[in-house]
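Subject: Structure handover

Hello,

Here is the structure for you to work with. My findings follow below it.

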Amino acid sequence: MVGFAISIPIILGLIFNQIGIGLALCFGAFWSSPSNTQGSFRQKTLGILFSAALVTLVSFAGSYLKVDLWLLIPLLGLFTFAIAYISVYGFRASLISFSGLLALVLGFAHTPESLAPYQYSLLIGTGGLWYLLLVYVAHLLNPKAQTEESFSETFDLTATFLKMRATLLGRPSDRAQLVKQLHQVQTDLIEHHETLRDILISARKTSGNSRYQNKQLLIFIQLVEILETAVANPVDYNKLNTLFVKHPKLRGSFQEIIFELSNILKSFANNKKNTNDITCSKISSLLETVSCIIKPLDNPEEHEEYIILHNFLEYQRKQFEKLERIQWLKSNPKLKPTDYLDTEKLKRFLVPQDYDFKTGVRNFTFKSAIFKHSLRLSVTMMVGYLVGILLEFQNPYWILLTIIVIMRPSYGLTKARSKDRIIGTLIGAIISAGIVLFIDNNYVLGSLGIITLVIAFSVVQKNYKASATFVTLSVVFIYAILSPDILLVIQYRIFDTAIGAALSFMAIKWLWPAWGFLEIKKSIQTSVTANTAFFNHIATIYIDKTAISTSYRLARKKAFLETSNLNAAFQRMAQEPVSKQKNIDSIYELVVLNHTMLSALASLSTYLQHHQTTPASTRFKEGVKAINKNLNDIIKSLDSVTKNKNEALENQEELTDSEQRLINLTFKDVEEMILTTPDQEKNYKEAHLIWEQLRWLHSISRKMRSLLQKSTL
């Protein structure tokens, strides 16, 4: 769409000999396009409108920046800071900010001679509206495209997630690396859930409770539950490997079941309406085969092995049932009135973005990562332009363009982008030099310029190095039409890119750096707080026997989201220089323990949703109280660390009798607890799961408390 939006104005400008107007419309469409990203159509529309308004104002102001260098440099810094600071209002605001920065920088490259400043800026805004019109028409022609694309990506990620878990059941030599990759996929999947949730609920708010939207929401719920069920069943690979040695057929059978489940999800990702019935029959057959293998283990001598394998088999059954439910929903069934979801309750799952002026004021401090990034970017832009002028480079604006494209608030991403940008530019320069030396046709070069630019935009999110390569190709092809000495253009392109990348890298390292060890403590505190709230909801439901409420589901969503944010924060920290990875071993252990806690909570959550439970005992309530005390101490300690109070945790008290019993609970103790109950098998499973998870949660909370007590975070 971007290629069409920018090429039509240029073509019409050439036809009617109004290339100045064509370029202005082209720039307006180009600069407004970043806001057309994942999200509801309303958010896209508002984003493009705000982008168009911003680039119109920036272009108008930029027309009057033809002043002396001593005044131009600080003005450039001031404009850069003001535009970059818009990012404080969230992700889409950061895209609007990027559009404004593009307009500011490229204003140095193109000075319209045939248009007055107000005419040029208004045409820029019209170009943004032209792009919005194309987006609107595309939405009218295919209103389901955004939803279907997001579902396809989410199905694909879920399939990858399950496939990686199946691979880990084998004997991979790089298990630790695979586990890290699994956590990254889980983080990406939760982000996709957030985007898809926003699209579905926002569409429900604007166009009512349609059958299609309700069906899509029901499918989405199954996808969320697939992830929760997986997290609720963490695999003890060492224990399973021991059992698989004794029962070798089980390893391959379990792996084959999960691989087939992944294949079904892949087929959904490819928009196949129905999966192959043979595949579903195959999974049913494999489940029955595994059940027959483990059934003889249901005896006193091997009962613990039986429980472990039986629970793992039941987990696969649950996942298969969810996929069957998705398959049924995709077959366009007639829904019952009870299947329709309440819109008012769904609205509570949307996180409203705070666009209040107070948000900008509140973040105007060096404690804000966006404030520091905006200031860092403005200083780097001033230095970059000054270097370009002093060294008399042909196009110093290329230095500025490299800076705004590369520089990000985090060190790791800036470093990676700097490397990819340089490599991509070199590859693009070499390829384009070879092409322009043999092709001397302006129409061919112009066509190649547009094609490579479209490709660059299409791959920018997936492969930045490839995007940088195609951007360089596009720039060289276009300049080959305008400049006779194209090799000199390529040379300056390489120099400018190298200087911009070097300045960006030095700035992120030395100018008000936002090192991960300073930020991650807050992320740990936020995640532990979310897990604590989720735990309290679970405990309340188990004790009071209340129904699963919207508040409970919101707490569950927040716990998953904050754990995902914590994993992402740790990954950023791990990409920073070793000298800045302070206390990384302790932080890593806290991150892992927090992730493990979510697994235990998800396990309890899943059980409560699908089983009627017995009355909560006094011992259960005492265990909840002990876990809560540890968690609240952890939150209090982390809060003092983030506020630089350095309040040390008090020494842990001696264990109470109930805590001691909880810690030392054995497999036989669970059996003794239910010997006198009428439904022994059912109550045995409940007691084993509840007490095992409670004991696990208590152990995790004590470890986290002890780690904070000993560490110097």
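A helix here is a DSSP run of H or I with at least four residues, numbered from the N terminus. By that rule, Asn-583 sits in the loop between helix 23 (550-574) and helix 24 (584-610). Please keep in mind that this is a predicted model.

Overall picture

The protein has 28 helices and 0 strands. Of its 713 residues, 51% are buried. Take the contacts with a separation of 6 or more: 81% of them join residues 24 or more positions apart.

Most residues other than glycine have a negative phi. Asn-583 counts as partly exposed, because its relative accessibility is 29% and that class lies between 20% and 50%.

Asn-17 also has a phi near 55 degrees, again positive and again not in a glycine. Its place is the loop between helix 1 (2-15) and helix 2. Asn-17 reaches 70% relative accessibility, so it counts as exposed.

Helix 2 against helix 6

How do these two helices cross? The axes of helix 2 (residues 19-32) and helix 6 (residues 117-141) come within 6 Å, at roughly 55 degrees. Helix 2 is therefore oblique to helix 6. The crossing is right-handed.

On the helix 2 side, the residues in contact are Ile-21, Ala-24, Leu-25, Phe-27, Gly-28, Ala-29, Trp-31 and Ser-32. Helix 6 meets them with Tyr-120, Leu-123, Ile-124, Thr-126, Gly-127, Gly-128, Trp-130 and Tyr-131. By class, this contact has 11 nonpolar, 5 polar and no charged residues.

Helix 16 against helix 17

Helix 16 (residues 369-390) and helix 17 (residues 397-406) have axes that come within 8 Å and cross at roughly 155 degrees. That angle is over 145 degrees, so helix 16 is roughly antiparallel to helix 17. This crossing is right-handed.

Helix 16 supplies Leu-377, Thr-380, Met-381, Gly-384, Tyr-385 and Gly-388 to the contact. Helix 17 supplies Ile-399, Leu-400, Ile-403 and Ile-404. The class count is 7 nonpolar, 3 polar and no charged residues.

Single residues

Is Arg-165 buried or exposed? Arg-165 is buried, because its relative accessible area is 8% and the limit for buried is under 20%. Arg-165 is found in helix 7 (residues 145-168). Its side chain makes a polar contact of 3.4 Å with the side chain of Tyr-315. Not counting residues up to four places away in sequence, Arg-165 touches Leu-182, Ala-230, Asn-233, Val-235, Tyr-237 and Tyr-315.

Gln-222 belongs to helix 9 (residues 211-231). Its relative accessible area is 12%, so Gln-222 is buried. Which residues does Gln-222 touch, not counting those up to four places away in sequence? They are Lys-322, Arg-325 and Ile-326.

Val-444 is part of helix 19 (residues 442-459). With a relative accessible area of 36%, Val-444 is partly exposed. Val-444 and Phe-477 are 33 residues apart in sequence. In space, they are 9.1 Å apart, C-alpha to C-alpha.

Best regards

Note on methods
Residues are numbered from 1 along each chain as its sequence is written. This is a predicted model: local features need pLDDT of at least 70, side-chain atom pairs count only at pLDDT 80 or more; totals for chains, interfaces and linings use all residues. Side-chain values use heavy atoms; hydrogens and water are left out. Buried means under 20% relative accessible area, exposed over 50%, partly exposed in between (1.4 Å probe, protein chains only). A polar contact is a pair of N or O atoms within 3.5 Å; within protein, one must be able to donate a hydrogen and the other to accept it, and residues adjacent in sequence count only if both atoms are side-chain atoms. Contact means heavy atoms within 4.5 Å. Axes are lines fitted to C-alpha atoms, for helices over the stretch in contact, and angles run from 0 to 180 degrees between N-to-C directions. Angles under 35 degrees count as roughly parallel, over 145 as roughly antiparallel, 65 to 115 as roughly perpendicular and the rest as oblique. A crossing is left-handed if the near helix is turned anticlockwise from the far one by less than a right angle, and right-handed if clockwise. Ala, Val, Leu, Ile, Met, Phe, Trp, Tyr, Cys and Pro count as nonpolar, Asp, Glu, Lys and Arg as charged, and the others, Gly among them, as polar.
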